[in-house]
Amino acid sequence: MVRKTKDPGFGYKSIHDAKDIINDDGSSNVIHINRKKSINDLYTYFVDISWWHFFLLIIISYMVINIIFGLVYVTIGIEQITKPKGTFLQDFLNGFFFSAQTLTTVGYGGIAPKGITANFVAAFEAMIGLLSFSFITGLLYGRFSKPKAKIKFSDNLILRKFKKERALMFRLMNMRKTVMIEPEIKVTLSISEKNKKGAYVRNFFNLQLERDKIMYLPTVWTVVHVIDEKSPLYNYSDDEIEKLDAFLYILINYHEESFAQKVYQIYSYDFDKLETNVKYVSAASFDKEGYTVLDHDHLSEVEKIT
């Protein structure tokens, strides 16, 4: 008998062609409104954003601070740090570069504050520079030290005959050269269908897997759900399964040697990625010296079943 599971936090309500709640990279695809924000959210934000976004914000902030203080030095009188050049642009550039030297505490000595006002401004800016670079250093440490899984999932799901039954499969591999120790996986199936009242609702099922835990993984793991009498997909034909408004939500955890602790990764599959009557091509082979060679480009490669 097929057993439904309780709502894992996605909600039972649905609509036709509802968007996936989880992105392919495991991030949330939920739009938040009226969410209260606090300064404590800044650390999480800066640690979680992409590297290019992180460094872009640092560069923009650095330029903005120097522009502001460059204008301040021009306003209080550029003669308080160096001789006026006669034009606003040249004076501003002198103020900008002096600001950069003060902010980074480099101090080449070519320009120095002379007036009391300029000394107060420079002292304040130096304090901002020390705090800013301490903050950035802490964020860099947080980003590097944060344990993260690095698992690559196949781009596709496949539905094929398997041991006199049918099976739903996908593959995964470790993107790092370290061995995944005791990986464990859980897969939840979400199917959106109309109820008797004509409203779309989500039904959730925990899929039984051929193996949900292994000792270690140095190459590729093909995750298999056999569609037997206990499967929620048993009463669907192949064509009906392809047309289902359904998602797979995947949670995998394993011991990561690099961080010496357990790491987790979330992934999801839309049934639009389903391919039928195909099988995965082997991603592992051997070289002339007998070493195992793992080709990451072959993770999603399939061939027709003849």
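**Entry 1. Helix packing.** I looked up what the buried residues of H4 pack against, and found H1, H2 and H3. The model is predicted, and I read each entry with that in mind. The buried residues of H4 are Ala118, Val121, Ala122, Glu125, Gly129, Ile136, Leu139, Gly142 and Arg143. H4 has 30 residues, and its span from first C-alpha to last is 44 Å, close to the 44 Å expected at 1.5 Å a residue.

I then turned to H2 (residues 51–76), which has 26 residues and reaches 38 Å between its end C-alphas, close to the expected 38 Å. Its buried residues are Phe54, Asn66, Phe69, Gly70 and Tyr73. Their cover includes helix H1 (41–48), H3 and helix H4 (116–145). Just after H2, glycine 77 takes a positive phi of about 115°.

**Entry 2. Aromatic pairs in H3.** I recorded 16 aromatic pairs in the structure. In one of them, phenylalanine 88 and phenylalanine 92 have ring centres 6.3 Å apart and planes at 10°; the angle is under 30 degrees, so I list the pair as stacked. Both residues lie in helix H3 (residues 88–103), 4 residues apart, about one turn of the helix. An α-helix has 3.6 residues a turn, so residues three or four places apart point the same way.

Phenylalanine 92, at 14%, counts as buried. Phenylalanine 96 and phenylalanine 97 form an edge-to-face pair, with 5.5 Å centre to centre and 80° between the planes. Phenylalanine 96 is buried at 11%, whereas phenylalanine 97 is partly exposed at 46%.

Entry 3. I found Trp51, Phe54, Phe55 and Phe144 in one aromatic cluster. Over which ring does the charged end of arginine 143 sit? I found it over the ring of tryptophan 51, 4.1 Å from the centre, and also over the ring of phenylalanine 54, 4.8 Å from the centre.

**Entry 4. Nonpolar cores.** The largest nonpolar core has 42 residues, and the members touching the most others are Phe170, Leu172, Ile185, Leu248 and Phe271. Strands that each supply at least two residues of this core include E1 (151–153), E3 (165–174), E4 (180–194) and E8 (246–256). A second, separate core of 9 residues includes Phe69, Ile78, Ile81 and Ala122.

**Entry 5. Positive phi.** I checked the loops for positive phi. Most residues other than glycine have a negative phi. Threonine 105, in the loop between H3 and H4, has a positive phi near 55°. Lysine 164, in the loop between E2 and E3, has a positive phi near 65°. Lysine 164 is exposed, with a relative accessible area of 90%.

Terms used: Residues are numbered from 1 along each chain as its sequence is written. This is a predicted model: local features need pLDDT of at least 70, side-chain atom pairs count only at pLDDT 80 or more; totals for chains, interfaces and linings use all residues. Side-chain values use heavy atoms; hydrogens and water are left out. Rings of Phe, Tyr and Trp (its six-membered ring) pair if their centres lie within 6.5 Å; planes under 30 degrees apart count as stacked, over 60 as edge-to-face and the rest as tilted. Buried means under 20% relative accessible area, exposed over 50%, partly exposed in between (1.4 Å probe, protein chains only). A charge sits over a ring if NZ of Lys or CZ of Arg is within 6 Å of the ring centre and within 35 degrees of the ring normal. The expected span of a helix is 1.5 Å times one less than its number of residues. Contact means heavy atoms within 4.5 Å. A nonpolar core is a set of buried Ala, Val, Leu, Ile, Met, Phe, Trp, Tyr and Cys residues joined through side-chain atoms within 4.5 Å.
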